[in-house]
Every structure is written in C-alpha cells, then in structure tokens.
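Hi,

Here is the structure I promised to pass on. Have a look at it first, and then read on for what turned up.

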There are 2 protein chains.
Amino acid sequence: MNGAAGKLLEKFNKREAVIGIFGLGYVGLPLAVVFAKKNVRVIGFEKSGKKAEAVNEGRNYIGDIKPEDLTAVIKSGALTATTDFTRIRECDAVIICVPTPLDKFKKPEMKYIESACTDIGRYMKKGTFISLESTTYPTTTENFMRPIIEKESKMTLEEDFWLCFSAERVDPGNKNYHTENTPKVVGGLGETAQELGMAMYGIAIQTLYPVSSPRVSEMVKILENTYRLVNISLVNELALLCGQMNISIWEVIEAAKTKPYGFHAFYPGPGIGGHCIPLDPFYLDYIAKNYNFDLTMIHTAGLINNQMPHRMAVKISFALNRHKKPINGSKILFLGAAYKPDIDDERESPALMVIDEIAKKFADISYFDPFIPEVTTEHGRHYISIPALTKEALAGADCVVITTNHSAFDPDFIVEHAQLVVDLRNTVKKPSPKVFKL
Amino acid sequence: MNGAAGKLLEKFNKREAVIGIFGLGYVGLPLAVVFAKKNVRVIGFEKSGKKAEAVNEGRNYIGDIKPEDLTAVIKSGALTATTDFTRIRECDAVIICVPTPLDKFKKPEMKYIESACTDIGRYMKKGTFISLESTTYPTTTENFMRPIIEKESKMTLEEDFWLCFSAERVDPGNKNYHTENTPKVVGGLGETAQELGMAMYGIAIQTLYPVSSPRVSEMVKILENTYRLVNISLVNELALLCGQMNISIWEVIEAAKTKPYGFHAFYPGPGIGGHCIPLDPFYLDYIAKNYNFDLTMIHTAGLINNQMPHRMAVKISFALNRHKKPINGSKILFLGAAYKPDIDDERESPALMVIDEIAKKFADISYFDPFIPEVTTEHGRHYISIPALTKEALAGADCVVITTNHSAFDPDFIVEHAQLVVDLRNTVKKPSPKVFKL
C-alpha cells in the first residue's frame, strides 16, 4: 500500500491519526472514549450544543461510560467535542454513529446518515477514511453513502477517500461486554479500505472480524437483531396461546432451558422495545422490496408485536373484571417505564404503549420508575413518576401492572400491599390469587 | 405416600420394579438399555417380530447404542424383548415410546399412542405407573390417554394407576448428549404421579427437572422444536434474499457468530428434515385450533419450508442454464440422501424432496450416500446409491448437487472432477467458478 493510503495506514499504526466521531450518543461517546484512552486524538462532532458542552466539561450522560474515564480523556486533551463541522478537515478518519430510526410508516429515516455524508463530503481533506456504524439496510455504504460523498467532495473513492461499514454492537447495561471487548465485524469497500479499517479499529477494539464487503457487514447486524425480533415474537405468540391453555409459559421456558444443546431462551413481554430490535429488521424489509422479495417472517413478527400492547390492555381489563371493575375510572399504577430492566431508557418502550392503550379507556394512570422521573408517551401524554413505591401507593391502586422487571422491585412487598397485580414480566415467583400473569 | 403408590415407590427405590418399554425404536431401545444397565428388569414391547428377535439376539440396529452395551444387558437377562402384549401385566411401570407422525394433511397421527393405551389398559395390573415420551400436543396425557386407559381397564386414575409425560430429547448422532446424561423434564398428573415419575426416571437418568403438570411438560418439547423450526425457516428465507443481493449468507452467519451474547447460529439448507423439527410444531398448531388460536409463526415457517425443495430445483435449473443445458435429459448426481450429516436416516429428508422435484422434470438422476444404500422418495421413486464417488461419476454428471454435508465428502475432489456443482450445504469453502451456492 502506498500513496495517501500508505501514509494513512502509518498514521493509524503510529496512533498519530486524528479520528472524528460523528454523533456523541450511546454509541459514539463510548467509542470516542475508548479511542481517546489509547492516546489517539479524537474530535467528537455533535449537533446538540448541550451535549458537546457536557462532554467538554467532563459531565457524563451515558450509563455505560465510567465517569472517571471521560474525565481523564477530557483532562488529557485526547477528546474534545465540537458543534463546528468544518473541523472535519482536521480528521484523518471519520466514524459515523448517528441514529437510523424508522418513520411512522416503518420506512427507514436516512436523513441523519445523509446529513453526515453531506458534511463529511463538504469538509473532509483528501485521504480520509470513513466508517459507518449505524444499523442500516445492506448496500447503504456502496449505493447510498458513496454517491453523496463523491458529489459533495468531488473526490474519487479508493483514491481520495475510503469507505467501510462496521456496525456498533452496543448492548446498554451489559456488564460483561462493552465497546472495547465486543468483537467487531469490519467490511471495507475494496481491499485498501479493508486494511485501513482493520488498522484503525485495531487501535481501540480487542477483536476484529473482517468480512468481504460492506453489504455482508451490514447484513450481519440485521441478522443478529432479526434473530432476536423473531424469537421474542414467537415466544410472545406462544405466551398468548399458553394463557388460554392454562399453561405457564414462564415455567415452560425454564424447563426448556435444561436442554443442554440447541435451545436459547427468550422471554415474552408486553411488546418489543429499545432502539434496535423493533427497528432493524424493517431496514431489511425495506430493501427486500427493491428485489421483489417479501420477508414473511419479519412481517409475521410485526403482526404479533403490533398487537401485544392491545392484548396486554385486554389482560388488565379482564383482571379488573374479576374485581367487578371497569378500566374507566380505575386507578392503574404501572411499575417500570424503561424498555428493559435497570436502564434509564424509555425509547420504544412497550410500557408506554400499554399506558396509551389503557389511558384512552379513561383510566386514572400513575407510574413508578426509579430510573425515569418523567415520560411522554407516543400519544403525547405526559406523566411524572410517583416519588416512591410506598404501601399506600400500592394499596390505593385498583390494579398494579408490572411492565419492567427492574431489580429494585420487591415482589413480596408489591403483592402484600396491592389489591390486584398484573405481572407482565414474571417478577412475582410465588403463586398468589392476587396475581395475573402474562 | 402409602397403599399401592407407596409400594411402587419402594420398588423403584430398591430397583425391584419391572419396567415395560413400548416401542423399541431410536427412543425406546436406548432407554431400555440404560434402565437395564442399572440392573432393573426391562421388558421391551415391540410389534415388529424382526426387531424383537434382533434385540433378543443382541443384534443392535440403533446408531446411538454401543453394541456391547446391548449384548451385556441381553446376556445378563435384564432386558428381554417380546411381541406378546399380555405380558404388560408383569410390569410395574410402562414407558411409551411410539412414533407420533403427521398424516399427509399435517394432522397428528394418534393411532400409535391410542393403540399403546388400549393394550396397556387391557392388560395392566392395578398399581401401574405409565409415562408417555412421544412428542405430542399439550393436554394429550390428561385428555387423550387418560380416558382410553380408564375405559379399557375400568380402573381409576390416582388410585389404581398414575400418568406422567416426559418427552424424549434424543438427538441422533450427538456425541456429547445421549439418553443417560440429557436432563429430562418430568410432569406427573398429580403429586403422587410426580413423585413416582421422579423415582422411576431417577434410576436411569442423571438429571431430572420436575414441572407442575403433563401439559407443561408436553409444551416444553414443542417449544424446543418450534424454536428450531422457526429459526431454520428464518435463515432459509434470508438465504433466498441474500442470493438475490449477492451476499453470502454463510459468510454473514459466521460473522454474526462472533457476537459473544444473544445470538445462536442456524444454517440454511434445502428444507427441514428428520422426524421432529418438521413435525412437532404442527402438533401445537393442531391443538391451538381448538382454542380458536392461529399460530402465525408456525404457519409462516411452513410457508417458507414447503417451497424450499422447489426453490432448490430452480437453483439447479439456473445453474445448468449457465452451461446451456435444460434439466430434461441432464445427468444430475446428488451427494447425500440423509437429513443430516453422518447418520443413516433419510426420513423427511429434503434431499429426497429435491430429487422428486428434479426427477419429474425428466432428469437422469443418480445419488451417492455412504450411509444409505437405497432410498424410496415420497413420490415412490426408488434409487440405489452408486457404489463409490469416483472421478468418473463426478465428471460424467452434468451437475453435482450437494444435499447433505457428510464429513466423508471431500470438497476439493468434488470440485476438481465435477463439471458443475450446486452446493446447498456450504461444503465447498474455496471460491470456484464451477460452484453455485445456496
């Protein structure tokens, strides 16, 4: 490798490259810290002035980062954040960590990637390496990013710049695997890009796994999350059937787990939450249409999960019915707004969808979440968490609904003081006539 | 526990009980050997005189049994096989290991369980413990077996006999897990039955896992295999899309496997074979209809897999097309008839379904399988394996189709001598212009 690519490779190997990270969210900021800890200069690009300021002042806002790690790399000067996108020209490499949500019609919202590529194309210097980490449909790097960057920069791929796709695999709250020690799949567009990608990520990430193209790399991430979506959907559907057959799906899953090979347990719940699993498979669904291909498994998963919040509302209604109460006017206390236990993230949380379903039937709603002081639902309802889970709060509710299994919730205390419990997360293990389970 | 149940429990604990095993196939015979090895007297009931004779002469016909183990328990007299069902009256316990196939319309074929229950009800003595191991729909033990046995025997459940469900988890060819060391889920009908079931299986099986009812136990087995069906179906569908997007699904799966949590790899193939995974979920589908419930995931899996043999035939046709050849009159050599590698079982094998698809388009078909000397397809075509996989056999075929990845197949040798290879199992790892992959 020689010319511009050779020089860049040398900079990576000597850790003299300046790395720009686009988007300082739950993916970008941990990545920026990991690179900066290796004494590489990192510039974090962030549209939100508030976030950039917080980073520069060493105020951490991401659960998975140790605050002292952020403070250290800010003090050392290795990491700086900025809202000034012209500073892209200072970077030898840029890693894009922007969101890729779906719009209301489950169509990929590509505007954040588009905007990042436009900025990069406009300001980058010759010889820049660009890697995308955002989950997206296969062919995005080649067919969506490349033309935008070439048009904005008037530069030529594989001469003046290189492209790569390497998805983030961040699992918020995971105690064992974080940015540094989670193996990373790297797919460069062309051999030079691949070599550069391996060299750059090799600075910060312990294990890399090269694949033959960006589209393979893009597909890997989609497969991982489609696997999860389909399996949660399957178990949700079986949970509904088991409910009718007087079989505890939770007992079934625990027993199935004793099979020492060929089984992986998934658990049912009021729906699928978070910013990956409910979304990523629909990226694939989007591009599949371009190939006249219908992904029936993903459609079926959508069909099951779209109805889960409604089915949970029915479950709450039928539980109240045992006490001769309607939803209308009943006091319903929801425990947990987060989409998974022990995190402070309520994005795409099924808890909020169930709340919306129940709220529109005129219930008197309150909630408690030790991690989330206030929430706004998709339908625009705003709630403030009750300050503490007291006996009085439990006893005062006509029905207590457990929507998130935060480890702080004490099932014995809840069952003792509540009139009626609908447990959608198998939090309550002891049988009780007060408790209705999913 | 006292009375008849107490006496039976004591017999189990002292290993003085006589255990009858109904059906000496790939489930029943290994189980009979495992009990007999513990010096418990076992009577094997088998409708086929040939099989009973083979067992009594110590001639083993099940791959997962060590021949010396069978010989030992026959010599010691611990195990005898019989076609005389009146000898059920000698047994303290009977374990039913009969097949539960589906008929041509994917309806459960319950006649083998029915016939076993009729025989048992007719001949059993008072105080008999009965356990079913055949995969079946939840509620079978309570609602299907119980009435037949009560009617035939004129005895009363939980007074004169006890019922239990504990599914076999046999995985033919598995080197690590076999009957003795695979944990077993036990669901008795009532507390006494549960205690008796744990005592009886505890004689022979290392790890037992009690559940609260037979229906939970029945559902566990269905969940395990539905999980597998759905995931193979998902990856089959993704493989078809990847084929159109110029992405190697095999490369994608290997890369996804580097994710250290939350992913379990399944591999695509020409369809789903064997006598469990393609069948078991449709048992659940059958009973679900009784609850006005549609299992959309299982339906979708069926939809995908039913078309796989046809899609594979199209793949073969399009590969031949590159060589300007039609299927009609072309010599097609299939490698592998078994449904999975290194076993001698071609039941429900997708290889045979692909052969049927290609045969009806007037191809000149031959096959080679070192484990299976002759086969009859579902459409009634009969083939005899070519004696050896020679250079001449490979070179003489217009197309070689790898349908089973037996470890004896040498990909280099195959690719060197074949004109054209359609590899449905990722047997060939090195890229070659001769090779077309699923």
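This is a predicted model: local features need pLDDT of at least 70, side-chain atom pairs count only at pLDDT 80 or more; totals for chains, interfaces and linings use all residues.

Which elements of chain B do the buried residues of helix 4 of chain B pack against?

The partners are helix 2 (28–37), helix 3 (49–56) and strand 3 (79–82), each in chain B. Helix 4 itself covers residues 67–75 of chain B, and its buried residues include Leu70(B), Val73(B) and Ile74(B). Looking down the axis of helix 4 of chain B, you'll find the buried residues within an arc of 105°, so they line one face of the helix. Glu68(B) and Lys75(B) sit on the other side of helix 4 of chain B, and they are exposed. After helix 4 of chain B comes Gly77(B), with a positive phi near 85°.

On confidence, chain A has a mean pLDDT of 95, and 100% of its residues reach 70 or more. For the complex, the predictor gives an ipTM of 0.94 and a pTM of 0.94.

Now for how the two chains go together. As for the contact, 51 residues of chain A and 50 residues of chain B take part. In chain A, helix 8 (214–245), helix 9 (249–256) and helix 11 (296–322) each supply at least two residues of the side that touches chain B. Helix 8 of chain A gives the most to that side, with 18 residues. By type, the residues on the side of chain A that touches chain B are 31 nonpolar, 12 polar and eight charged. Of the interface residues of chain A, 98% are also interface residues in chain B, so the copies meet through the same surface.

Within chain A, the domain assignment gives domain 1 (3–212) and domain 2 (305–437). The C-alpha centres of these two domains of chain A are 39 Å apart.

Is Cys164(B) buried or exposed? Residues with 20 or more C-beta neighbours within 10 Å count as buried, and Cys164(B) has 26 inside 10 Å, so Cys164(B) is buried. Leaving aside residues up to four places away in sequence, Cys164(B) touches Ser131(B), Val186(B), Gly187(B), Gly188(B), Leu189(B), Ala193(B), Gly197(B) and Pro214(B). One of these contacts, Val186(B), is 22 residues from Cys164(B) in sequence and 7.2 Å from Cys164(B) in space, C-alpha to C-alpha.

Lastly, two backbone details for your own checks. Lys106(A) is a residue other than glycine with a positive phi, near 60°. You'll find Lys106(A) in the loop between strand 4 (93–96) and helix 5 (111–123) of chain A, and with 14 C-beta neighbours inside 10 Å, Lys106(A) counts as partly exposed. Asp342(B), again not a glycine, has a positive phi near 65°. Asp342(B) lies in the loop between strand 9 (331–335) and helix 13 (350–359) of chain B, and its 15 C-beta neighbours inside 10 Å make Asp342(B) partly exposed.

Cheers

Note on methods: Residues are numbered from 1 along each chain as its sequence is written. Chains are lettered from A and ligands numbered from 1 in the order in which they are written. Two residues are in contact if their C-beta atoms, placed from the backbone, lie within 7 Å. Helices (H or I, at least four residues) and strands (E, at least two) are DSSP runs, numbered from the N terminus. Ala, Val, Leu, Ile, Met, Phe, Trp, Tyr, Cys and Pro count as nonpolar, Asp, Glu, Lys and Arg as charged, and the others, Gly among them, as polar. A residue is buried if 20 or more other C-beta atoms lie within 10 Å of its own, exposed if 12 or fewer, and partly exposed in between; C-beta atoms are placed from the backbone. The arc is that of the directions from the helix axis to the C-beta atoms. Domain bounds come from an automatic or database domain assignment. pLDDT is the predictor's confidence in each residue, from 0 to 100.
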